[in-house]
Amino acid sequence: MNKVAFVTGSTRGIGKEIAITLAESGYDIAINYRYENENLKITKKEIEEKGVKCLTVQGDVSSFEDCEKCIKNIIDEYGKIDVLVNNAGITKDTLLMRMKKEDFEDVIDINLVGTFNVTKNVISHMIKSRSGRIINISSVVGISGNAGQTNYSASKAGIIGFTKSLAKEVASRGILVNAVAPGFIETDMTDILKDEIKDEITKNIPLKRVGTAKDVANVVKFLASEDSSYITGQVICVDGGLL
Ligand code: NDP
């Protein structure tokens with residue numbers, strides 16, 4: 001029986017690459033989407049081409065009820081979740097002076113509360129099976145801070161605190177909880193930045209290139225695997241040395 005991995009926000013960007021990379025390693029996959037679209041069908045097809053199963057579960061991670069329904073669907077179909085990757089996330093960047101309360105709340109609700117909502121619904125199943133891996137996608141700005149991202153940095157710093165605390169709570173049950181903190185990764189999220197800003201960021205990266213979704217997915221694959229069985233409560237930066 002294949003192991004089962006659930007990746008949130010997985011129809012594009014880093015989440016999609018994580019889902020495909022885990023599919024290549026032989027996991028049956030559950031992908032999560034908010035709205036039906038072409039990306040969903042393409043991602044499902046690409047995963048199934050790896051010779052594993054792909055279940056699609058609709059839900060907004062900021063809704064506890066949606067997350068409850070998603071996890072129930074996965075358990076009904078596969079009977080278990082071995083690996084959870086909390087990847088779904090958004091930015092709403094602006095200086096605090098100009099930030100609306102909704103911009104702060106939306107980012108916290110999706111990035112941080114979303115991580116709680118999904119994990120809360122998964123954890124009892126992992127505890128029952130006395131094993132599991134939870135990998136939370138944070139960000140280097142959750143460690144360093146970044147002007148224009150008070151909402152986003154707070155959400156990503158929150159994910160780090162959540163990761164470290166949960167790691168201590170569930171270690172005795174055989175569940176490992178870690179975070180990955182990407183630096184600047186080429187996806188739709190960073191595509192909105194002006195070329196001058198991208199060039200400036202690249203200049204400050206010791207490895208002199210921006211990261212790819214695959215760079216992040218490979219570290220998630222390691223944290224999901226037996227090779228990382230003595231690692232928990234950690235934050236692994238995937239940032240070309242930026243931080
Ligand atoms: P993208 O914007 O390319 O993709 C984000 C994904 O999250 C999409 O699939 C999106 O779905 C999904 N999503 C957003 N909100 C929700 C929600 N409420 N419920 C369910 N799914 C949702 O971002 P990236 O791939 O770049 O980022 C992935 C993760 O990596 C995020 O957590 C991000 O913060 C983090 N990260 C990214 C970095 C980068 O440089 N790109 C750097 C550091 C961290 P939909 O298609 O419906 O919008």
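What is the volume of the second largest pocket? It comes to about 160 Å³. The model behind this value is predicted.

## Pocket lining

The second largest pocket is lined by K3, D82, V83, R130, S131, G132, R133, G174, L176, A224 and E226. Charged residues account for five of the lining positions.

Seven strands form an open sheet with parallel pairing. Their order is β3-β2-β1-β4-β5-β6-β7. Neighbouring strands are turned against each other by 20° on average, direction ignored.

Strand β6 covers residues 175–182. It runs parallel to β7, and four bridges join the two. On β7, V238 stands opposite P182.

## Helix α6 across the strands

Helix α6 spans residues 150–170. It lies across β5 (132–137), β6 and β7. Relative to β6, helix α6 runs at about 160°.

## I159 in helix α6

Is I159 buried or exposed? I159, a residue of helix α6, has a relative accessible area of 2%. Buried means under 20%, so I159 counts as buried.

Which residues does I159 touch, leaving aside its neighbours within four places in sequence? Its contacts are N111, L112, T115, N136, I137 and S138. Q149 lies 10 residues away from I159 along the chain, and their C-alpha atoms are separated by 15 Å.

Technical notes
Residues numbered from 1 in each chain as written. Predicted model: local features only at pLDDT ≥ 70, side-chain atom pairs only at ≥ 80, totals over all residues. Heavy atoms only, no water. Pairing = 2+ DSSP bridges. Axes fitted to C-alpha atoms, helices over the stretch in contact; angles between N-to-C directions. Contact = heavy atoms within 4.5 Å. 1 Å grid on protein atoms, 1.4 Å probe; cavity = no way out; pocket = protein on both sides within 12 Å on 5 of 7 lines; lining within 4 Å. Points joined across faces, edges and corners; volume = space filled by probe spheres on them. Nonpolar A, V, L, I, M, F, W, Y, C, P; charged D, E, K, R; others polar. Buried < 20%, exposed > 50% of the residue type's maximum accessible area, 1.4 Å probe, protein only.
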